[in-house]
Amino acid sequence: MNILLQWAPFMPTAASHNAPNVDNLYGFIFWLSVVFFILVIGPGAWFVYKYRLKKGEEHQPTPRITHHLGLELTWSVIPLLLCVVIAVWGFWDFMALGVAPADTEDIFVTGYKWGWRFEHRDGTKELNELHLPEGKKVKLVMTGEDVIHSFFVPDFRVKADLPPGRYTSLWFEPIGVGEHQVFCTEYCGDGHSGMLAKIIVMPKDKYAEWLRVGTPLGPGETLEDRGKKLYSDKGCLTCHSVDGSRLTGPSFKGIFGNPQPLADGASVNVDENFIRESILNPQAKVAQGYSPIMPSYQGSLKEMDLNALTAYIKSLK
Ligand code: CUA
C-alpha cells in the first residue's frame, strides 16, 4: 500500500520496510481528519454567518426539533465504519511488526543510564553506535539494565520499551545506506535527553568487512588516538592508570620496553607480544603483586583495536 506515501506530511526520512506502512496509515488518518474538519466546521461557520441576528431583528425562539433518525444514523454509522477500518488497518500493521521473520540478523541491545550497548552475532560490541547491513532483516533483542528505557528510531518508524529483567524485541529491514538517530523516549533520569545513539546502515559487503576489521581510522585519527578512545570505551581505565598510580592492575605509564616481574618469579620484557597476550589471555602471565582477575578481551577487540591499544601504551612514556 504505497499510494498515500507522499501524502503523509511532516514525517522524517522513511528508511525501513515499516516506514511506508506507518506513513500510509498516518496519511489516511491525517487527510480523513482534514476532510471531516472541513465538513463539520465549514457548514457550522456558514450557518453562524447566515443565521446571525441582523440589525433591527428580534430574537426568534427556534423551532423545537427533537431528532432526525436518518441524519443520526448517518453521523453514527459512517464514523463507526471509518474507525473500524483504522483499527483493523492499524492492528494488521502492528501484528506484522510484532512477529519477526525467521531469517533475521539478531543483535542484542542493552539500555543503561545513560547509553546504548549493542552486541553483534560474532561478539562485536558497540557503544552508542550501531552498524547494520542494508536490505537485511534485523531483529533487536533488547533489555534495560537499571530502569525502563525506550528505543526509538524515527526514520525506521519503530519504537519499543526496554524493561529491566526481561527481553523485548523489534524487527525491521533498513532501506538505503545512511545514518539515523536513535532516541530514548522513556524518562529515565538526569541523562535521559543525552541518551542518543547513531545507526549506520552500510552495504552488505561493507558490513561484513566492518564486522571483521572494525571501523577504519577517521581523517587525521592516529592509531594512538584510537587506542586512547578504546582505553576508555572498553573500560581499561577502571583498572589501569596512565599516570603511574596503582589501581587494581599495573599502570600503563612507562611499561613498554621495560622488564615486568611476574607472579611466578620470572620476568618478561613488555613488548607487542606481551601486550597482545595480556589482553587476550590475561592469566598466561600475571604481573607480580597483582591478582589474576582481568577478564579476556578475546572476541571483543579486533586486530586493529589490539594494534591501537599497543600504540597507545607505547606512547605512554
Ligand atoms: Cu533512557 Cu530515557
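This is a predicted model: local features need pLDDT of at least 70, side-chain atom pairs count only at pLDDT 80 or more; totals for chains, interfaces and linings use all residues.
Q: Why is Phe 156 called buried?
A: Buried means under 20% relative accessible area. Phe 156 has a relative accessible area of 0%, so Phe 156 is buried.

Q: What makes the pair of Phe 156 and Phe 172 tilted?
A: The two ring centres are 4.8 Å apart, with 40° between the planes. Rings pair if their centres lie within 6.5 Å, and planes under 30 degrees apart count as stacked, over 60 as edge-to-face and the rest as tilted. An angle of 40° falls in that remaining range, so the pair is tilted.

Q: Why is the pair said to tie together parts that are apart in sequence?
A: Phe 156 lies in the loop between β6 (149-153) and β7 (158-162), whereas Phe 172 belongs to strand β8 (residues 168-172), so the pair ties together parts that are 16 residues apart in sequence. Phe 172 is also buried, with a relative accessible area of 0%.

Q: Why is the pair of Tyr 207 and Trp 210 called stacked?
A: Their ring centres are 6.1 Å apart and the planes stand at 20°. The limits are 6.5 Å for a pair and under 30 degrees for stacking, so Tyr 207 and Trp 210 form a stacked pair. Both residues lie in helix α3, three residues apart, about one turn of the helix.

Q: Which residues of α3 are buried, and why are they said to be on the same side?
A: In helix α3 (residues 204-213), the buried residues are Tyr 207, Trp 210 and Leu 211. They cover an arc of only 100° around the axis, which puts them on the same side of α3. On the other side, Asp 205, Lys 206 and Arg 212 are exposed.

Q: What covers the buried residues of α3?
A: The cover includes strands β1 (105-112), β3 (125-127), β4 (129-133) and β10 (197-202).

Q: What makes the charged end of Arg 52 count as sitting over the ring of Tyr 49?
A: CZ of Arg has to be within 6 Å of the ring centre and within 35 degrees of the ring normal. The charged end of Arg 52 is 4.4 Å from the centre of the Tyr 49 ring and sits over that ring.

Q: Where does the charged end of Lys 159 sit?
A: The charged end of Lys 159 sits over the ring of Phe 152, 4.7 Å from its centre. For Lys the atom is NZ, with the limit at 6 Å.

Definitions and conventions: Residues are numbered from 1 along each chain as its sequence is written. Side-chain values use heavy atoms; hydrogens and water are left out. Buried means under 20% relative accessible area, exposed over 50%, partly exposed in between (1.4 Å probe, protein chains only). Helices (H or I, at least four residues) and strands (E, at least two) are DSSP runs, numbered from the N terminus. The arc is that of the directions from the helix axis to the C-beta atoms. Contact means heavy atoms within 4.5 Å. Rings of Phe, Tyr and Trp (its six-membered ring) pair if their centres lie within 6.5 Å; planes under 30 degrees apart count as stacked, over 60 as edge-to-face and the rest as tilted.
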